[in-house]
Amino acid sequence: MSDMAKQSLRSQLARVVGRIFGFGHVSRRPAPKEHPGDFRGIPRISYKPNAGNGRVADPGEIVWTWVPFEEDHRQGKDRPVLVIGHDGPWLLALLLSSKDHDRDVVRHGHVLSQWAEIGSGPWDRRGRASAVRVDRILRVDPAGVRRQGAALDKGRFKQVAAAVRAAR
């Protein structure tokens with residue numbers, strides 16, 4: 001079995017177990033008429049937290065929204081994301097996670113995903129350290145942002161921006 005097939009099988013199994021035991025908050029929603037897909041290329045990254053005074057999520061802010069799974073965009077879950085810019089009507093954002101991804105970065109010689117540590121902040125009620133995934137840039141509908149967690153400080157944001165550029 002290929003590494004890609006094994007990863008897909010593990011992901012599917014995790015979703016099933018999550019549904020059975022009620023964790024992971026996996027949800028299914030109708031597919032949008034036109035799913036924008038993930039952003040490809042080198043994004044124009046900017047840092048302007050609170051530019052819209054809370055009306056719209058701004059680059060540099062950590063917000064919560066529904067994020068589709070890579071394997072099936074009709075399924076996903078509510079997740080925190082770091083907004084890094086815009087692509088037309090879409091916000092560009094990076095996934096946040098409080099899991100330790102160090103052991104997941106390279107497996108069997110293949111890079112699975114790339115993460116940049118951002119430490120802890122008010123976006124996590126339990127004060128856990130977080131990381132952002134820098135090799136997957138999401139397109140997020142601004143109307144789908146439900147709550148704001150915090151603004152990342154400019155120094156850490158610059159480190160994330162450099163990691164995103166390096167991952168391209």
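**Entry 1: the model**

I noted at the outset that this is a predicted model.

**Entry 2: helix α2**

I looked up helix α2 first. It runs over residues 154–167 and has 14 residues. I checked its span from the first C-alpha to the last. The helix reaches 20 Å, close to the 20 Å expected at 1.5 Å a residue.

Next I asked which residues of α2 are buried. They are Phe-157, Val-160, Ala-161 and Val-164. They cover an arc of only 100° around the axis, so they sit on the same side of α2.

Last, I checked the start of α2. A side-chain oxygen of Asp-153 comes to within 3.2 Å of the backbone nitrogen of Gly-155.

**Entry 3: salt bridges**

How many salt bridges are there? The count comes to 8 salt bridges. I wrote down some of them.

I began with Arg-133 and Glu-70. They form a salt bridge, and their closest N and O atoms are 2.9 Å apart. Arg-133 lies in strand β8, while Glu-70 lies in the loop between β2 (61–68) and β3, so the pair ties together parts that are 63 residues apart in sequence.

Are these two partners buried or exposed? Arg-133 counts as buried because its relative accessibility is 10%, which is under 20%. Glu-70 counts as partly exposed because its relative accessibility is 47%, between 20% and 50%.

Arg-133 has another partner in my notes. Its side chain also meets that of Asp-135 in a salt bridge, at 2.7 Å from N to O.

Arg-128 is partly exposed, with a relative accessible area of 32%. Asp-124 is buried, with a relative accessible area of 12%.

**Entry 4: Asp-38**

Where is Asp-38? I found Asp-38 in the loop between β1 (26–28) and β2. Although it is in a loop, Asp-38 counts as buried, at 17% relative accessibility.

I checked what its side chain touches. The side chain of Asp-38 makes a polar contact with the side chain of Arg-136, at 2.7 Å. I then listed its contacts, leaving aside neighbours within four places in sequence. Asp-38 is in contact with Arg-136, Ile-137, Leu-138 and Arg-139.

**Entry 5: Pro-89**

I found Pro-89 in the loop between β3 and β4. Pro-89 is exposed, because its relative accessible area is 62%, which is over 50%.

I also noted a distance. The C-alpha atoms of Pro-89 and Val-140 are separated by 8.9 Å, and these residues are 51 residues apart along the chain.

Key
Residues numbered from 1 in each chain as written. Predicted model: local features only at pLDDT ≥ 70, side-chain atom pairs only at ≥ 80, totals over all residues. Heavy atoms only, no water. Helix = DSSP H or I, 4+ residues; strand = E, 2+ residues; numbered from the N terminus. Expected span 1.5 Å × (residues − 1). Buried < 20%, exposed > 50% of the residue type's maximum accessible area, 1.4 Å probe, protein only. Arc of directions from axis to C-beta. Polar contact = N/O pair within 3.5 Å; in protein donor to acceptor, adjacent residues only side chain to side chain. Salt bridge = Lys/Arg side-chain N within 4 Å of Asp/Glu carboxyl O. Contact = heavy atoms within 4.5 Å.
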